[in-house]
Amino acid sequence: MTTIKSVFLLAVLLFFAHPSFAANEIPVNARLFIGSTAVSPSDLNTSLEAQSMKKVENITQYGVEIVYPAFRYLDVGIRYSHRTLSNDENPSNTSTDYWAKIDQDTYMFLARFPFLKSDVVRLDAFAGAGGSNTTYTIKSATEDGSLTKKASGSFFATPYAAAGASVAVGYKWIYFVMEAGVESNKPDSFDRSGTVSSNINNIDLSGSYLTIGILFTGVPGTVGK
């Protein structure tokens, strides 16, 4: 949680920094985003449907990204995103309190390749890799427990990667941005607590995604003298 709070604090500071550049500063790009990934975790859905629970088809994600221009056609930086999903029974039943929930934090070091920059439109492609920490919790008629895959003494527990492209429309330093891509995201080998189906060997959250957000360009980012 300390890392997550630090990333968001850095983003806020960058967004509201003074727009003039001193000699020891370089412009950075920062974006806030929210979207959804189309997923089909077969092990998990088989277990959920057997318990008359809704299957997982999409998972919401939101987060922040900060990149520095390394070269004219190369930006490098880091992205943090949180994925979350809450499911209930199928059909919903107000007389019971059965639910399933996924929470996942992902961290990614990425490279962006901006091939069009103007005051109005920006286009780029990107690729990156990092990792994730994941928790799955369920309370149903037959199960009450959780699966976790979190780092112990390291930054992340499971490999994660993504690639895609984005288009941004705005003016000078603030843009509306839309991004589409694909993710490789498959946590497994969970730590188990309570009663959770032993048939869930992995939770495959890989798939195609679409996000929308706000892109801030030319935000001052101080570097050492």
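Predicted model: local features only at pLDDT ≥ 70, side-chain atom pairs only at ≥ 80, totals over all residues.
Local features need pLDDT of at least 70, side-chain atom pairs count only at pLDDT 80 or more, and totals for chains, interfaces and linings use all residues. Residues are numbered from 1 along each chain as its sequence is written, and side-chain values use heavy atoms, without hydrogens and water.

**View 1. The hairpin of β2 and β3.** Strand β2 (residues 58-71) runs antiparallel to strand β3 (residues 74-87), and 11 bridges join them. Strands are DSSP runs of E, at least two residues, numbered from the N terminus; two of them pair if DSSP finds at least two bridges between them. The hairpin leaves 2 residues between β2 and β3. Val64 has Tyr80 of β3 as its bridge partner.

**View 2. The largest cavity.** It holds about 110 Å³ of space. Closest to its centre, among 13 lining residues, are Asn29, Arg31, Asp75, Asp124 and Leu215. A cavity is a set of points on a 1 Å grid, over the protein atoms alone, where a 1.4 Å probe fits but cannot get out; lining residues have an atom within 4 Å of a point. Volume is the space filled by probe spheres set on the points, which are joined across faces, edges and corners. β4 (99-117) gives the most to the lining, with 4 residues. The lining divides into 5 nonpolar, 1 polar and 7 charged residues. Asp, Glu, Lys and Arg count as charged; Ala, Val, Leu, Ile, Met, Phe, Trp, Tyr, Cys and Pro as nonpolar; the others as polar.

**View 3. The second largest cavity.** Its volume is about 50 Å³. Arg31, Phe33 and Arg79 are among its lining residues, as are Val177, Met178 and Glu179. β1, β8 (174-185) and β10 (207-222) each give two or more residues to this lining.

Conventions:
1 Å grid on protein atoms, 1.4 Å probe; cavity = no way out; pocket = protein on both sides within 12 Å on 5 of 7 lines; lining within 4 Å.
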